[in-house]
Amino acid sequence: MKVLLRIRGDVDQFPGGDYVQLLETKAALEKLGVHCTVAPGLEKIAGEFDVVHLFNTTRVHETWLQFLAAKEQNQRIVLSPIWHSLEDMRRFYRHLYRVPMFPIVSYLAAKEFFYARRSGLPIHPAATLRFASMQRRLIQECDAILPNSETELEVLTRESGVQPKASFISPLGLKPRTVKPNSNRRDLICAGRIEPRKNQLSVVRAFKKLRRDGRKLRLYGQRNESHAKYVRQVLNECVEGWVEYGGSIPQENLLAACESSQVAILMSFFETFGLAALEGLSAGAILCLSDTAYNRGIYGDRAIYSDPYSVDSIAEGLAKAIDLPLTDHSSFLKTYTWENAARTTLQAYQHVVSH
């Protein structure tokens, strides 16, 4: 089987979870005998493909144009929607910009225009008025969709108001590895781009409230220079020997840091799957997560949950997490491998080809 994987054109300059998902799925699919070609942006690719696999409905303009190109060639199309809850986003942007009745779809459409200009795409401002309709039509007209969880499927069908032709739940995965036992863990880790959505500022302030001697909070992640003021605020809160910023480090180093930490924190205001949380759990750390439907739907009682809008709530969550014993979640994690993700993805491909 030959598959064309399509994603936004600026993934090299602005990598993210969608690109990690594409690359890891591709590698696992190729082990199953699937021939994969990656084509970012609107580049035209010659050749015959059994399936075109699109990634991301958040940056919908490029995905929509990729969809139209595939339809023109009568190709079968599968979509990984990576659907962020509109309600979670609306609440966050109301909080960030202090606008009580925040028009989330209008805001996302404006951002879409910004992203297109940044990527050098030809896009007319009026096209952004069709942001929501493009999302709905992608979900409804693609031959199958691959949400990362049952919760994502439920949220996207409710918020979009449409039903997909077929859906296959394809959770994200991890590369197999052995975690070395370490009963002397005391530190806390928070990994993610330094930006308002990831909420590191509240995490740092909550940790300071704990005043637990001998413990450190370590932050890792690329600085989002589009939010330079926020980055400065976070770095200014760091206290040498107590709260440290380790910058952006290779994945293997980050996993090693998780393995030496007692608590892994992901306090984002909204996520879809939260791969950093899965990595923390696989490293044997105790999870402290933001209280969202997505997190609870995936991690259940395997995490401590806090209100990301309350520093006091985060501090209480961290205090609870610190006092918990380390727990083995290996049986739960058996589901979350890139091999399983690839098998489900291949099932989706086979389904659309045969229908």
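**Core and loops**

Colleague: Where does Asn56 lie?
Modeller: Asn56 lies in the loop between β3 (51-55) and α2 (60-72). Helices (H or I, at least four residues) and strands (E, at least two) are DSSP runs, numbered from the N terminus. This is a predicted model, where local features need pLDDT of at least 70, side-chain atom pairs count only at pLDDT 80 or more, and totals for chains, interfaces and linings use all residues. Residues are numbered from 1 along each chain as its sequence is written, and side-chain values use heavy atoms, leaving out hydrogens and water.

Colleague: And what is the phi of Asn56?
Modeller: Near 90 degrees, a positive value in a residue other than glycine.

Colleague: Is Asn56 buried or exposed?
Modeller: Asn56 is buried, at 8% relative accessible area. Buried means under 20%, exposed over 50%, and partly exposed in between (1.4 Å probe, protein chains only).

Colleague: What about Asn74, buried or exposed?
Modeller: Asn74 is exposed, with 72% relative accessibility. Its phi is also positive, near 55 degrees, and Asn74 sits in the loop between α2 and β4 (76-80).

Colleague: New topic: how many residues does the largest nonpolar core have?
Modeller: It has 50 residues, and Tyr349 and Leu278 are among those with the most contacts inside it. Helix α14 (residues 338-354) gives the largest share, seven residues. Such a core joins buried Ala, Val, Leu, Ile, Met, Phe, Trp, Tyr and Cys residues through side-chain atoms within 4.5 Å.

Colleague: Which residues does Tyr349 touch?
Modeller: Leaving out residues up to four places away in sequence, Tyr349 touches Met1, Val3, Leu5, Leu29, Val51, His53 and Val78 (contact means heavy atoms within 4.5 Å).
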